[in-house]
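Trainee: Please take a close look at the aromatic rings and what surrounds them.

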Amino acid sequence: MSGGMDMPEKRLRMGVIGLGFMGALHARLWHELPQTELVAVADIDPGTGEPLAEQLGCAFHRDTNELLARTDIDAVSIVTPDRLHVAPTVAAAAAGKHVLLEKPMAHDAAAAAEIAAAVELHGVRLMVAHVLRFDPRYVQLRSAADPEKLGEPIHLRAKRNTVRSLAQRLGANSSILYYLGVHDIDMMQWVARSPVTRVYAQKVQKLSSGNEDALYAVLNFANGAIGTLDYSWAWPDGMANGYYAQFEVVGTKAASLLDVRDQGLYTITMDGMTGGDTHLWPEINGEITGILKDELMHFASAILTGRPFVQDYSEAQDAISVIDAIFTSVGQGALVDVQRR
């Protein structure tokens, strides 16, 4: 002990699988957080993984199984594309590693069930990274929607729109529902304190990005409330901040509304105006801060202390069942019941 500062007695030894944009952020945060140690990273592309490993002072593996075989790793972040979540998560569970799995939990309900069965079989802990559970604005909205304050929920609305270059970058590797929609589907059920039971949805596809340009859905909740989802990644790339999100809930006693387009920071040049990041993962004084950092700190603390996560993975799994129903509704052009396993 030196300098009068309390240091953690034990550090959680971490690995990261998948080093795209979000995976690189996970790796850097595990390197920076005082209660964790970044031991190794893995990616199929050594051109991406080796420079990052050298920068962060950790080992690099091209083979995920080599990373999982290490005895000096306690837990892993899995940050692979949506459709590639099952194999590394099942392998991590079999290797006895706890898992922080980037949202969405999986690309369909059957895959999510396979992941759940693996972590239950091997007795490891799983947290799905639904970062809005750590956003003070959404958490406070959920508190404001407590039945004592809100009364009975009447209707909810979520809007999450972003720019077309994101859809073009992801192509057919994802869907607007998985990349954007899972945030609000999870949030709607959490805020309404009720599961979605039926859905009706339609999509538009004109920009040839490999997935939907826009999708609208109407949701029925078990408690009688109705909800709407408004998703688009067809906006021109000039949109300030690159995204536009709103959330509202109206009840018999009160209502709450979030508008998170404006982060309060803009840079204006002769070419136009851009916005900054003040809450997701901004770099402040040389370190990443914001709600992603809070999420990773929570995972590490819960693993080290044995405390529960703020969200059980079963809730993340349930959101995938709702997404499956929305896809079915789009395909059938009909109202569809949510099928839960």
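Aromatic pairs

Mentor: At 23% relative accessibility, Trp-281 counts as partly exposed, because that class lies between buried, under 20% relative accessible area, and exposed, over 50% (1.4 Å probe, protein chains only). Phe-21 counts as exposed, at 52%. This is a predicted model, in which local features need pLDDT of at least 70 and side-chain atom pairs count only at pLDDT 80 or more, while totals for chains, interfaces and linings use all residues. Residues are numbered from 1 along each chain as its sequence is written, and side-chain values use heavy atoms, without hydrogens and water.

The structure holds seven aromatic pairs; rings of Phe, Tyr and Trp (its six-membered ring) pair if their centres lie within 6.5 Å, and planes under 30 degrees apart count as stacked, over 60 as edge-to-face and the rest as tilted. Phe-21 and Trp-281 have ring centres 5.8 Å apart and planes at 65 degrees, so this pair is edge-to-face. Phe-21 lies in helix 1 (residues 21–32) and Trp-281 in the loop between strand 14 (272–275) and strand 15 (283–284), so the pair ties together parts 260 residues apart in sequence. Helices (H or I, at least four residues) and strands (E, at least two) are DSSP runs, numbered from the N terminus.

Phe-299 and Phe-309 form a stacked pair, 5.7 Å centre to centre with 10 degrees between the planes. Both Phe-299 and Phe-309 are buried. Ring pairs link these two and Trp-30 into a cluster. Arg-125 lies over the face of Phe-309, 4.2 Å from the ring centre; a charge sits over a ring if NZ of Lys or CZ of Arg is within 6 Å of the ring centre and within 35 degrees of the ring normal.
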